[in-house]
Amino acid sequence: MTRTVYVNGEYLPETEATVSIFDRGFLMADGVYEVTSVLGGKLIDFAGHAKRLERSLNALDMTHPPEFDDLLEIHRELVTRNGIEDGLIYLQVTRGSDGDRDFVFPDAETTRPTVVLFTQSKPGLANSPQAEKGLKIISIDDVRWGRRDIKTVQLLYPSMGKMMAKAAGCDDAWMVEDGHVTEGTSNNAYIVKGGKIITRALSNDILHGITRAAVLRFAQEAQMEVEERNFTIDEAQEADEGFITSASAFVMPVVEIDGTTLGDGTPGPVAKRLREIYIEESLKAAI
């Protein structure tokens, strides 16, 4: 089945969708993106994603696209046109193209941002078998640029990290800077010790995860203790359990780090409970 996608104001078959070879997203990675989950045909945490998109645009001094205020309607239309029950909607905004390549930004008055959205069908997204067995993680050096809080399309190193993990027979990687874990390749990282949830505090060093914010709020409402601070790989290996959060994985347990088993090697009770709460509460608020 050919998907219907959205490009600069038009709904098109994916086979007819094009973007200029001079687009700055292609030439300079000069773009930002968001991924919103769909469960039961409804959008999860859309307001949070829209707010973070605006923050990313502002941080890069990027003009808001003409359809910015219509993004909810566009998301819903793509869900309907593509018959998405469970899945994801990818949204990307770049600085556009003025018809040539230059390090200097094009004139925002005359250059329209490029806006692209497409869907990915993921039947049973909330019932991932991976959640029943947990993830195996390796650690890698974090050599990314310093503004990881901006959700840019500069994803080469995280992709390399995924491949490093795959080559090691594992599922993902946690990045380490100055001896402390920053985050996963496409997710926020957590450990649990003595029932306490520990995760790095917000700063320019990590992405301000929309799922992270919701999960920590739900954890506190459930009377779970949360401590936002740096932690090391050694500390993580001695933890009772670990987990990651992201828009596509929700809450996913971690059972091994650099070959060291956490707890009894199965998903821990805190991660399992938080996953249940997050999915249940997110479905109630879905739009």
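1. Ground rules. The model is predicted: local features need pLDDT of at least 70, side-chain atom pairs count only at pLDDT 80 or more, and totals for chains, interfaces and linings use all residues. Residues are numbered from 1 along each chain as its sequence is written, and side-chain values use heavy atoms, with hydrogens and water left out. Helices (H or I, at least four residues) and strands (E, at least two) are DSSP runs, numbered from the N terminus.

2. The six-stranded sheet. Start with an open sheet in the order S2-S1-S6-S5-S3-S4. Its pairing is antiparallel; two strands pair if DSSP finds at least two bridges between them. Strands S2 (10–13) and S4 (42–43) stand at the edges. Each has a single partner strand, so one side of each lacks a neighbour in the sheet.

3. A helix on that sheet. Helix H2 (residues 46–59) packs on the sheet and touches S3 (31–39), S4 and S5 (87–94). Contact means heavy atoms within 4.5 Å. The direction of H2 makes about 180° with that of S3. Axes are lines fitted to C-alpha atoms, for helices over the stretch in contact, and angles run from 0 to 180 degrees between N-to-C directions.

4. Inside the sheet. S1 (residues 4–7) and S6 (residues 114–121) pair antiparallel over two bridges. Look for Val 7: its bridge partner in S6 is Val 116.

5. Hairpin S8 and S9. S8 (residues 172–177) and S9 pair antiparallel over three bridges. Val 176 stands opposite Val 181 in S9. Two residues lie between the strands, and Asp 178 takes a positive phi near 55°. Four of the five residues of S9 (residues 180–184) are buried (under 20% relative accessible area, with exposed over 50% and partly exposed in between; 1.4 Å probe, protein chains only). S9 is therefore largely enclosed by the rest of the structure.

6. Hairpin S10 and S11. Four bridges join S10 (residues 188–193) to S11 (residues 196–199), and the two run antiparallel. Ile 191 has Ile 198 as its bridge partner in S11. In the turn of two residues, Gly 194 has a positive phi of about 60°.

7. From S11 to S12. S11 also joins S12 (residues 226–228) through three bridges, but these two run parallel. Thr 199 pairs with Glu 228 in S12.
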